[in-house]
Amino acid sequence: MPPEQEALLILTRQQFPELEGVACEVEPIVKGGSDRHFYRFTWADEVHPPMVLMVYTLARRDNPKFVPCTRRLAALGVNVPKIYAFCEQRLCVWLQDLGRDDLHAHHLADWEERRPLYEATLREAAKIHSVTEASLSAEEIAAMEPEFNEGMYEWEQNYFIEHFVRGHLHRDVDGLTEAHAVLAQLRQRLAKLPRCLVHRDFQSQNVLMRDGAAWLVDYQGLRPGLAEYDLASLLFDPYVVISRSERHDLLTYYAELRSLKLPELREVFHLCAAQRLMQALGAYANLYRNQGKTHFEQHIPAGVRNLTTVCEEAPELSPLLTLFT
């Protein structure tokens, strides 16, 4: 066992004295673009269930918010992992192991198999989205990540232009005045809409499936925003292929779940999809070009296809095509 893993096992046994002397297999969980590290501990006695250790840093301001976000979501009845122990000094959290089966693992299955999994996922999202910003105190909002407002949307758009359009495509977009006007209109319009709690990174690899139920992870970015942003993250997820008819089915299901009007939901959904996909493309380009995580480059073509689809389905967004096609 590598020295780092041996040290973590010793620390874990100190945290749980009853596990002293129990043989254990330590498995690193390598996934995603986070600066956190995850390890699965599987105990040989079959009495103690496996657990996951999350070791985080303070390099990102949202990392320390994982534990309070877990407690907040659990109080709402959202399926999130149990916290077995938390050591704030060592930046370690021991969590319930929810298994290896995430929503993404089913991306090649027939729609008949995938549909109930996505519907289960949307039911968890609805629990989060039921909390309106107006129902939150100023202290509760201050404890979260910054809300989605016009400034946040503008930051995401600039992130897309800096890292993807200029950095990856090597394009000069200063003269594309119509596209910039659409970007301004987009962020201003979204900022005026009433907010609720949102997951912020609601994509297929952040949903684990267990006994037919969906369990959420990677929600430390919880904050006030638009439910449609989460829906766009899931239904225009570049990691999977979801057809237009499948998106329609799932949007209809969500609208019925929350008693919303489908045409109005769909309109804001497309606006949020453009915003989210620009953020995702900026992140992919930044991660592979500047942080050495080259596997993110493979997701760029799917992100471009999805953003193109959104701009074609929502004609008012079509000038954005000049930025990247």
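Q: Where does Gln-205 lie?
A: Helices (H or I, at least four residues) and strands (E, at least two) are DSSP runs, numbered from the N terminus. Gln-205 lies in the loop between strand E6 (196-198) and strand E7 (207-210). This is a predicted model, in which local features need pLDDT of at least 70 and side-chain atom pairs count only at pLDDT 80 or more, while totals for chains, interfaces and linings use all residues. Residues are numbered from 1 along each chain as its sequence is written, and side-chain values use heavy atoms, with hydrogens and water left out.

Q: Is Gln-205 buried or exposed?
A: Buried means under 20% relative accessible area, exposed over 50%, and partly exposed in between (1.4 Å probe, protein chains only). Gln-205 has a relative accessible area of 19%, so Gln-205 is buried.

Q: Which residues does Gln-205 touch?
A: Contact means heavy atoms within 4.5 Å. Not counting residues up to four places away in sequence, Gln-205 touches Lys-31, Asp-102, His-104, Val-217 and Tyr-239.

Q: How many bridges join E2 and E3?
A: Strand E2 (residues 37-43) and strand E3 (residues 51-55) pair in the antiparallel sense over five bridges. In E3, Val-52 is the bridge partner of Arg-40.

Q: How do the axes of H3 and H8 cross?
A: Two packed helices are described by the angle between their axes and the distance between the axes. Axes are lines fitted to C-alpha atoms, for helices over the stretch in contact, and angles run from 0 to 180 degrees between N-to-C directions. The axes of H3 and helix H8 (residues 244-257) come within 10 Å and cross at roughly 35°.

Q: Which residues of H3 and H8 meet?
A: On the H3 side they include Trp-111, Tyr-118 and Leu-122, and on the H8 side Leu-250 and Tyr-253 are among them.

Q: Where is Thr-121, and is Thr-121 buried or exposed?
A: Thr-121 is in helix H3 (residues 111-129). Its relative accessibility is 0%, so Thr-121 counts as buried.

Methods:
Pairing = 2+ DSSP bridges.
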